[in-house]
Amino acid sequence: MPSSVMPTSSTGHGDPSPVAVSTVGLRKSYGDKTVLDGIDLRIPAGSVFALLGPNGAGKTTAVKILSTLITADAGDLHVGGHDLTADPQAVRAAIGVTGQFSAVDGLITGEENMLLMADLHHLSKSEGRRVAAELLERFDLVEAAKKPASTYSGGMKRRLDIAMTLVGNPRIIFLDEPTTGLDPRSRHNMWQIIRELVTGGVTVFLTTQYLEEADELADRIAVLNDGRIAAEGSADELKRIVPGGHVRLRFTDPTAYQSAAAALREATGDDEALALQIPSGGSQRELRSILDWLDSAGIEADELTVHTPDLDDVFFALTGGTDPQPGRSSLPSQPKEAVR
């Protein structure tokens, strides 16, 4: 889809950028239960957008609507520059969808799955074989191509699933929880595939239960709660809305610790660990100020660490903390790395 037909959005530098997905007032209810209650989104082309939320928050419903699988009750919706209501067929031609559950047929081989998808896209036999061969190589599935897909590992099935999605060369891909159930290595491999897609100009609309995944991949993140967008921004922007950042100073010399504690009145002390916790947003200016003060006072801290709120904190703050609504569960997060 040529970007010239897409709506545009300001980048903040005066240059318009194409918008891949735009929703204004998206609403969907089932009976008396409102699932999506006026969702506004503008997703730039060639970016990764992540939609977070508790189970049952409406993430999959949003994906199903934007990929034309179900209809919205209301809203001005555009995908790939096309009006979703007026021209759903054009939307289907511009997108690819990988759902929570694999579309791979386990009874046939990986190659046959690819060729079946090529037939569905009305490619010629020769073109279908060429595209299938290229994608199987791209996703490191050549050796397994002649084997039944039922013999594939979870990570291999997920790679085949996305390869099948790419047969039609979509410019917008919806990935609905693409790494759920994968082991850490397979998950990281999937992240690399997503990054490569975006480098090639593809827009990725990602829903995920893994906060680390959104932090790693997404240019922008929206948190969906009770049918509404609770907050939206980059990962760093979202982290800044949650208080709790601090600098931790640890000492081995009790005298140095006591001197620092006496001078830094705003610090919280841990006498047993000989550590001080100073409220801080973690900015370079604040860190320099603390280091300059230590130097001028002739006090040497043995360890300085910066702690900033992460997406776990953001999620819990925006969706009701550790006491989710009945019937919903909070998002699991991946284990944090030792060095952030």
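**Cores, pocket and confidence**

Modeller: Let's begin inside: the largest nonpolar core has 48 residues, and Met114, Leu135, Phe139, Leu160, Val204 and Ile221 touch the most other members. Helix α6 (residues 184-199) is its biggest contributor, with six residues. Apart from this core lies another one, of 26 residues, including Ala20, Val63, Leu66 and Leu84.

Biologist: What counts as a nonpolar core?

Modeller: A nonpolar core is a set of buried Ala, Val, Leu, Ile, Met, Phe, Trp, Tyr and Cys residues joined through side-chain atoms within 4.5 Å. Buried means under 20% relative accessible area, exposed means over 50%, and partly exposed is in between (1.4 Å probe, protein chains only). One housekeeping note: this is a predicted model, where local features need pLDDT of at least 70 and side-chain atom pairs count only at pLDDT 80 or more, while totals for chains, interfaces and linings use all residues. Residues are numbered from 1 along each chain as its sequence is written, and side-chain values use heavy atoms, with hydrogens and water left out.

Biologist: Which residues is leucine 160 in contact with, leaving aside neighbours within four places in sequence?

Modeller: A contact is just heavy atoms within 4.5 Å. With those neighbours set aside, leucine 160 is in contact with Val104, Gly110, Asn113, Met114, Leu136, Leu141, Ala149 and Tyr152.

Biologist: Now zoom out for me. How many helices and strands does the protein chain have?

Modeller: You'll find 11 helices and 15 strands. Both are DSSP runs numbered from the N terminus: helices are H or I with at least four residues, strands are E with at least two. The protein chain has 340 residues, and 43% of them count as buried. Look at its contacts between residues at least 6 apart in sequence, too: 68% of these join residues at least 24 apart.

Biologist: What is the volume of the largest pocket, and which residues lie nearest its centre?

Modeller: Picture a 1 Å grid: a pocket is an open set of points where a 1.4 Å probe fits, with protein on both sides within 12 Å along at least five of seven lines, and lining residues have an atom within 4 Å of a point. The volume is the space filled by probe spheres set on the points, which are joined across faces, edges and corners. Here, the largest pocket comes to about 570 Å³. It is lined by 21 residues, and Ile95, Gly96, Val97, Met117 and His121 lie nearest its centre.

Biologist: Which element gives the most to that lining?

Modeller: That's β7, with four residues. At least two lining residues each come from α2 (88-94), β7 (95-98), α3 (110-120) and α5 (154-165). Sorted by class, the lining has 10 nonpolar, nine polar and two charged residues. (Nonpolar here is Ala, Val, Leu, Ile, Met, Phe, Trp, Tyr, Cys and Pro; charged is Asp, Glu, Lys and Arg; the others, Gly among them, are polar.)

Biologist: What about phi: what is it for histidine 122?

Modeller: Most residues other than glycine have a negative phi. Histidine 122, though, has a positive value, near 60 degrees. This histidine lies in the loop between α3 and α4 (125-138) and is exposed, at 73% relative accessibility. Aspartate 140 also has a positive phi, near 55 degrees, in the loop between α4 and α5.

Biologist: Last one: where is confidence lowest and where is it highest?

Modeller: We read that from pLDDT, the predictor's confidence in each residue, from 0 to 100. The chain's mean is 85, with 89% of residues at 70 or more. Strand β1 (residues 8-10) is lowest, at a mean of 44, and strand β5 (residues 74-79) is highest, at 97. Over residues 1-15 pLDDT stays under 50, and it is below 50 over residues 322-340 too. Where pLDDT is low, the predicted coordinates should not be read in detail.
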